Amino acid sequence: MPNATSATIIGEETGGMSVSYGDKLWYHLPVSDLECGISFKRFWHLNADEDDIHGAMPDVTVPASVALDKALSMIKRK
């Protein structure tokens with residue numbers, strides 16, 4: 001049962017990833033005259049697992065088209 005500081009996420013998995021790279025350094029490659037970016041940090045969301053990379057998972061999984069209806073029905077039941 002959620003308390004005053006928590007929320008229930010309803011819907012589908014988000015498109016973001018639980019493990020991702022960030023903070024790039026840009027380099028100019030002198031021979032090819034190309035620019036390239038190299039990430040020097042890797043970020044993990046809370047409880048992320050290297051073998052199970054995915055977007056944020058909802059507490060209640062339903063298609064996006066019915067997520068609002070599901071939320072309203074859960075509110076009415078409480």
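Reader: Which residues is Ala67 in contact with, leaving aside its neighbours within four places in sequence?

Author: Happy to start there! In this predicted model, Ala67 is in contact with Ile10, Gly11 and Val62 once those neighbours are left aside. Contact here means heavy atoms within 4.5 Å.

Reader: Why does Ala67 count as buried?

Author: Buried means under 20% relative accessible area. Ala67 has 14% relative accessibility, so it counts as buried. Across the chain, 13% of the 78 residues count as buried.

Reader: How far apart are Ala67 and Ile9 in sequence and in space?

Author: They are 58 residues apart in sequence, while their C-alpha atoms are 9.5 Å apart in space. For the chain, take the contacts between residues at least 6 apart in sequence: 56% of them join residues at least 24 apart.

Reader: Where in the chain's elements is Ala67 found?

Author: Ala67 is found in helix α1, which covers residues 67-77. The chain has 1 helix and 4 strands, and from the N terminus on they run β-β-β-β-α.

Reader: Why is the chain called more spread out than a compact globule?

Author: The globule rule gives 12 Å for 78 residues, and the radius of gyration of the chain is 20 Å, well over that, so the chain is more spread out than a compact globule. Along the principal axes, its C-alpha atoms fill a box of roughly 65 × 25 × 25 Å.

Reader: What is the accessible surface of the chain?

Author: The accessible surface comes to about 6,500 Å², and 59% of that belongs to carbon and sulfur atoms.

Methods: Residues are numbered from 1 along each chain as its sequence is written. This is a predicted model: local features need pLDDT of at least 70, side-chain atom pairs count only at pLDDT 80 or more; totals for chains, interfaces and linings use all residues. Side-chain values use heavy atoms; hydrogens and water are left out. Helices (H or I, at least four residues) and strands (E, at least two) are DSSP runs, numbered from the N terminus. The radius of gyration is taken over C-alpha atoms; the globule rule is 2.2 Å times the number of residues to the power 0.38. Buried means under 20% relative accessible area, exposed over 50%, partly exposed in between (1.4 Å probe, protein chains only). Accessible areas come from the Shrake-Rupley method with a 1.4 Å probe; for residues, only the protein chains shown count as cover.
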